[in-house]
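Take a moment to look over the model before reading on. We will go through a few of its features in turn.

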Amino acid sequence: MGRVRQAGKNILFGYISNFTILLIGLLQRTVFILVLDRTLLGVNSLYTDILSMLSLAELGIGSALNYSLYKPVANEDQEKIKSYMRLYKKAYLAIAGVIAVIGLALTPFLPHLLKDSGQIAVRDLTIYYLIFLFNTVSTYFVAYKYSLSNAQQRNYIQTNIATITKIATVFAQIVILLLTRNFLLYLLTQAVVELVQKIFVSIYFNRLYPYLRERDVKKLEPEETRIVVTKTKALMFHKIGDVARLSTDSIIITYFMNVVWVGIVGNYTMIITYAANFISVIFNSVISGFGNLVATESREKQYAMFRVYRFFACWLYGFAAVGFWLLLTPLVTGLWLDESWRLGQTVLTLILIDLYFKGGRVVLVNFKIAAGVFEQDKYLALIQGAVNLVLSIVGIQYIGLAGVYVGTVVSGLMANLIQPVIVYRDCFGKSAWPYFRDALKYIAVIVGVVLAMIPVKEVLMQRVDPFTFAGMILLITAAYNTAFFLFFRKTEEFRYLWKLVRQRAGKRR
């Protein structure tokens, strides 16, 4: 099956998954807010971020080994695949042990972090945390099994399993909340459903790839092992920096403000994340396709496809940022919840600026992963993490909540400025000036659309209801996409996408 067809299949199931998870996720959070208090909502978000930090123990081994699998998968070399997968399994079992030990060691410090936890006893906070820890640790016993199917561009297998599990988990949790109003049972329900899923995954992949159960597995050559170790070391720095930049916000907010604010911000970021997941499905679905492209095509072909996906990312992430800037607060405080859940427009603007520039980083990082370019910017993520922590901690004390996201934006922009230079130089042998020139064009169009739509919003949405909200969605969609079409319709990137759309439409007739 060709790269485009496999990517299309991954995207289709990715969209079905994300749409389903969006709907049931909103339902789940609504029931949570109605049944339990805001403090528990903040605790739930905080523990999720803490365990994301503990996943630092993975240290990029997954990305390094996935990269190593592209060539043997393309050559259908089962013996080499078995060797890499055996290494992957051993590494992930060790990771599970490390996370368990570190996670348990952090337990005594929870009361110091959650200073304003209301009436929740320390014992209960500890039990909640241990359940989160169990869910995270047990994941590593089966996570490595997805690597082979993903390297084969069959990402939809992991997507479908995750979707079914999420549906079962959410509906079971909603029933438990409505019947018992008990947060502990809510968490235990998730743990049980996900444990059943992990047992299923293990059995399923053993049957899908029976040769992986064979005992006659050859050791990797020293050079092959060295490559994996070298790339893992480089990815270790990326992982540490990413955790410091992306998984510390809720901890800083909890310590300097209140855990309740984590829940308020979480309502906005949850919706933004779900929407971003719709977009990232496209780009995550083509990582393995990029890997195949790098292994089999010329630099010029790689460069042309990179420009297409980058253009598409800026278009889609820009659309999301514009729409959310104009409509997210009316959605949260007008249609879904009430004014007590409002987040300041300055904070929202900073979050959405980071969302837009994340689009550029997604394409750059995905191409770097596919091409195995890990070492060249291994210290950048560490610097980003340090910058984010310093700016966030200082900023929250001087300008409040917005200070946390100043750190997020500034540290993120560092990658947007440095990584294009590395990718263009090492992957394409070109200057990165065209990348930055195009970036300025995209930003100019996006800002122009926002400025044009502000007075329209003030007139149309004097009263927020489903009809005015839907009308505003249609107007933003029309204005934004018309602007991008008019300004970029003559570019090679747009022409390629348009040709692809016409070809796909022609096949369906």
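Is E79 buried, exposed or partly exposed? E79 is partly exposed, with a relative accessible area of 34%. Keep in mind that this is a predicted model.

Start with the partner of E79. Its side chain meets that of K82 in a salt bridge, at 3.5 Å from N to O. Both residues sit in helix 4, three residues apart, so about one helical turn separates them. K82 is buried, with a relative accessible area of 3%. The cut-off for buried is under 20%, so K82 falls in that class.

Now look for other salt bridges. A search of the whole structure finds twelve. One of them joins R123 to D124, with the closest N and O atoms 3.3 Å apart. R123 counts as exposed, at 58% relative accessibility. D124 counts as partly exposed, at 22%. Another salt bridge links D426 and R425, where the closest N and O atoms are 2.8 Å apart. D426 is partly exposed, with a relative accessible area of 26%. R425 is also partly exposed, at 46%. Salt bridges can share partners too: in this way E79, K82, E214 and D216 are joined into one network.

Next come the aromatic rings. A pair of aromatic rings is described by the distance of the centres and the angle of the planes. How many aromatic pairs does a search of the whole structure find? The search finds 34. One of these pairs is F200 with Y204: the centres are 5.8 Å apart and the angle between the planes is 25°. Planes under 30 degrees apart count as stacked, so this pair is stacked. Where do F200 and Y204 lie? Both are in helix 9, which covers residues 183–208. They are four residues apart, about one turn of the helix. F200 is partly exposed, with a relative accessible area of 45%. Y204 counts as partly exposed as well, at 30% relative accessibility.

Rings can also be linked into a cluster. Here, ring pairs connect F311, W315, F319, Y442, Y480, F484, F485, F488 and F494.

Some rings have a charged residue over the face. R38 lies over the face of W341, at 3.8 Å from the ring centre. R310 lies over the face of Y435, and the distance to the ring centre is 3.7 Å.

V98, I102, L106 and F109 make a nonpolar surface patch of about 350 Å². Where is F109? F109 lies in the loop between helix 4 (78–106) and helix 5 (110–113). At 53% relative accessibility, F109 counts as exposed. The cut-off for exposed is over 50%, so F109 passes it.

Finish with helix 8, which runs over residues 155–180. This helix has 26 residues. At 1.5 Å a residue, helix 8 should span 38 Å. The end C-alpha atoms are 37 Å apart, which agrees. Which residues of helix 8 are buried? They are N155, Y156, I157, T159, I161, T163, T165, T169, V170, Q173, I174 and L177. Just after helix 8 comes R181, which takes a positive phi of about 55°.

Technical notes:
Residues are numbered from 1 along each chain as its sequence is written. This is a predicted model: local features need pLDDT of at least 70, side-chain atom pairs count only at pLDDT 80 or more; totals for chains, interfaces and linings use all residues. Side-chain values use heavy atoms; hydrogens and water are left out. Rings of Phe, Tyr and Trp (its six-membered ring) pair if their centres lie within 6.5 Å; planes under 30 degrees apart count as stacked, over 60 as edge-to-face and the rest as tilted. Helices (H or I, at least four residues) and strands (E, at least two) are DSSP runs, numbered from the N terminus. Buried means under 20% relative accessible area, exposed over 50%, partly exposed in between (1.4 Å probe, protein chains only). A charge sits over a ring if NZ of Lys or CZ of Arg is within 6 Å of the ring centre and within 35 degrees of the ring normal. Patches are made of residues with over 30% relative accessible area and no salt bridge: like charges are joined within 9 Å, nonpolar side chains (Val, Leu, Ile, Met, Phe, Trp, Tyr) within 5 Å. Accessible areas come from the Shrake-Rupley method with a 1.4 Å probe; for residues, only the protein chains shown count as cover. A salt bridge is a side-chain nitrogen of Lys or Arg within 4 Å of a carboxyl oxygen of Asp or Glu. The expected span of a helix is 1.5 Å times one less than its number of residues.
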